[in-house]
Amino acid sequence: MRRHRWLIPWLLMAPGLLWLALFFVLPNVQMLAMSLSSGRVGDFAFSWDWDNYTSALTRFPDNFRNSVVYGGLATLLCLLVGYPLAYGIAFRGGRFKNLLLFLVIAPFFTSFLLRVISWQILIGDRGPLLAVVRDTLGIVPANFTIIGSPLAVVAGITYQFLPFMVLPLYVSLEKIDRRYIEAAKDLYAGPWRPAGWIAGGLVGAAAGGALMLGLGYATLAAASLPALLPAMAIGGAIGGLVCGFLVSESFVRVVLPLSLPGLFAGSVLVFIPSIGDFVNAELLGSTKTQMIGNVIQNRFLQQNDYPTAAALSFLLMAAILVAIIVYARVLGTEELTGGRAA
Amino acid sequence: MSTAVAGAIPRNRAGPGRLGRGLQRWVVPVFTALAIAYLLVPIAVMIAFSFNDPPGRFNFIWGDFSLAAWGNPLGRPGLERAITTSLGVGAISTVIATTLGTLIALALTRYQFRGRSATNFFVFIPLATPEIVLGASLLTLFVTSAQEPIRSLTGGAFYPLGFQTIVIAHVMFNISYVVVTVRARMAGFDRNLEEASMDLGANEWTTFWRVTFPLIFPGILAAALLAFSLSIDDFIITNFTSGTTNTFPVWIWAAIRSNLPTQVHVIGTIIFVVAVGLVLVSTLWQARTNRAPALNR
């Protein structure tokens, strides 16, 4: 027994690893084979059929674009909302920290579908949000709708995955030794001016422009400058004011760099499920806002076009594996799994 | 702490004005509160609309206050069966996933061995894989298993799809969550307690059941709760692996094309309240067990 001690951990892990091998690894191998097969349900034959990949890449350019653009915008919005939220809980939460964290994950105690349905109610044509901004305040035109637009899909995705951004950010902010901030202040770190005005203004203007372009309210053509420029100006003004008045030098030089691992972790954890999502696009969007996930589930479950769908899934999986491996190289595996645990 | 020093030396080159200081004090807490409210609004909507008597077949627009759906929460064709399936799948997959995941977590935290960090990484991959890929690849596997010669080998266990394939899928995605949760709770585990037990003559088996297991049990329970709630709520993977069997989320997805009955919001509210209640009870209980050793010291 003593001689075989090295066997013990493997014996403990064997049943679980076997399950994962059979129902996680094997299916993905099977899917890779399927993506190179031809035929119909019942008699697929492996045939090195690379046409599935050509067809997957060329037939759905809009869906790929939607996935990347909506996923990217949702990640950006999660960051803009999630960072101050995580900072607020970590630095100003006091004895309510655990309660606040619990409230952040509270949405996970209801079904994903029910949360999307709640958003259908909230932003619907006869819902409370439009009743205020359209009917009462008249900020938007009378025929303005949210449901069916890219805005609805991005808003839905942002909501669904915001906790994935907040939790790893909170973990890395909470770990920061407060004495570093004291030290920075003792070393004459003051308000972040005038650099903050410029940096914040640029970032805000870029974010405003990206949102208008990504959500389809503006294009790069000269004709849409009247829509694009005000959005960039508003974004720039908000960014400049926030960075000039609220952000201090000790934050920029101490807190922000130390929170980068959490920021990367959160971004990956939001971006990955975002680009694979199809429920938000299906229930909140229209046929024009379909993402790659919609195509995959449609091909698999309605059209029974397994080879193309498998090729699409495999491309998605491969892209994500690359992202994880790069990430693990940068931060290490413990950091990776630990961030998710918290 | 360092007030004397700070008072003597002007700390900021250009300190924020009174307005700036006021802003700095209030903006972050106010923003935090608003963001939390934003996260909770859809839950409030769900609960509120469980008391709705909608004007049409879709529970999207507020009609009148009504307790009708609460009086008859299962009163839709197929709903009761879907919920029974959800609970059954949840219970079975939780037991299997918690057992397998805890064993992996034990191995990863208690032993140093070659391949440990590779295993850590391997267990993490399913967490980072989009659910649609997990579901789609399982569906591919199950459908291919219907072809000869695999069909004869497996005895058709994986096709047609049904209860058993949903359980397989849920165990698969829950194992990693259990590993991560149990491992996190075991991080602060005091190995001296086990050594003390061995010094007092207990063998490894007795030590595990009398010392180790009671100490890590709260972590295992937390993992099981997480696994159960993930299983009950899962839609995407289940949608791919359920065939004609409905779980509660799959039933909603099928219904939503033609109608959305108020019962959906009622059941959602019940699940939410029960889940929150269970988590609160387990947290309080864990806080008590964590305090206990300190009292004996």
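# A guided look at chains A and B

Visitor: How many residues of chain B are in contact with chain A?
Guide: This is a predicted model, and its two chains touch. On the chain A side, 81 residues take part. On the chain B side, the number in contact is 78 residues.

Visitor: Which helix supplies the largest share of the side of chain B that touches chain A?
Guide: Several helices of chain B each supply at least two residues to this side, including H4 (79-110), H8 (163-186), H10 (204-233) and H13 (262-296). Helix H2 (18-49) is also one of them. The largest share is 18 residues, and the helix that gives it is H2(B).

Visitor: How many residues on that side of chain B are nonpolar, polar and charged?
Guide: The side of chain B that touches chain A holds five charged residues. Another 17 are polar. The nonpolar ones number 56.

Visitor: What does the model score for ipTM and pTM?
Guide: Two scores are given for the model. The pTM is 0.86. The ipTM is 0.86.

Visitor: Where in chain B does pLDDT stay under 50?
Guide: Chain B has a mean pLDDT of 85, and 90% of its residues reach 70 or more. One stretch stays under 50, and the model has 10 contacts beyond four places in sequence for it. Where pLDDT is low, the predicted coordinates should not be read in detail. The stretch in chain B is residues 1-14.

Visitor: How far apart are the C-alpha centres of the domains of chain B?
Guide: Chain B is divided into domain 1, residues 17-68, and domain 2, residues 77-287. The C-alpha centres of domain 1 of chain B and domain 2 of chain B are separated by 31 Å.

Visitor: Which element gives the most to the side of domain 1 of chain B that touches domain 2 of chain B?
Guide: The contact takes 11 residues from domain 1 of chain B and nine residues from domain 2 of chain B. By class, the domain 1 side has seven nonpolar, three polar and one charged residues. The element that gives the most to this side supplies four residues, and it is H2(B).

Visitor: How many helices and strands does chain A have?
Guide: The C-alpha atoms of chain A fill a box of roughly 70 × 65 × 35 Å along the principal axes. Buried residues make up 48% of its 342 residues. The secondary structure of chain A comes to 16 helices and two strands.

Visitor: What percentage of contacts in chain A join residues at least 24 apart?
Guide: The count takes contacts between residues at least 6 apart in sequence. Among these contacts in chain A, the share that joins residues at least 24 apart is 75%.

Visitor: Which helices give two or more residues to the side of domain 1 of chain A that touches domain 2 of chain A?
Guide: Domain 1 of chain A covers 54-176 and 260-342, and domain 2 of chain A covers 178-258. Their C-alpha centres lie 23 Å apart. In the contact, 10 residues of domain 1 of chain A meet 11 residues of domain 2 of chain A. The helices on the domain 1 side are H3 (61-92) and H7 (150-174).

Visitor: Which peptide bond of chain A is described as cis?
Guide: Most peptide bonds are trans. Here omega is near 0 degrees. Pro194(A) is found in the loop between helix H8 (178-186) and helix H9 (195-214) of chain A. The cis bond runs from Arg193(A) to Pro194(A).

Visitor: Where is Tyr188(A), and what is its phi?
Guide: Tyr188(A) is in the loop between H8 and H9 of chain A. Tyr188(A) is partly exposed because 13 other C-beta atoms lie within 10 Å. Although Tyr188(A) is not a glycine, its phi is positive, about 70 degrees.

Visitor: Is Asn304(A) buried or exposed?
Guide: Asn304(A) lies in the loop between helix H14 (292-301) and helix H15 (306-331) of chain A. Its phi is positive, near 50 degrees, in a residue other than glycine. With 12 other C-beta atoms within 10 Å, Asn304(A) is exposed.

Technical notes. Residues are numbered from 1 along each chain as its sequence is written. Chains are lettered from A and ligands numbered from 1 in the order in which they are written. This is a predicted model: local features need pLDDT of at least 70, side-chain atom pairs count only at pLDDT 80 or more; totals for chains, interfaces and linings use all residues. Two residues are in contact if their C-beta atoms, placed from the backbone, lie within 7 Å. Ala, Val, Leu, Ile, Met, Phe, Trp, Tyr, Cys and Pro count as nonpolar, Asp, Glu, Lys and Arg as charged, and the others, Gly among them, as polar. Domain bounds come from an automatic or database domain assignment. A residue is buried if 20 or more other C-beta atoms lie within 10 Å of its own, exposed if 12 or fewer, and partly exposed in between; C-beta atoms are placed from the backbone. pLDDT is the predictor's confidence in each residue, from 0 to 100.
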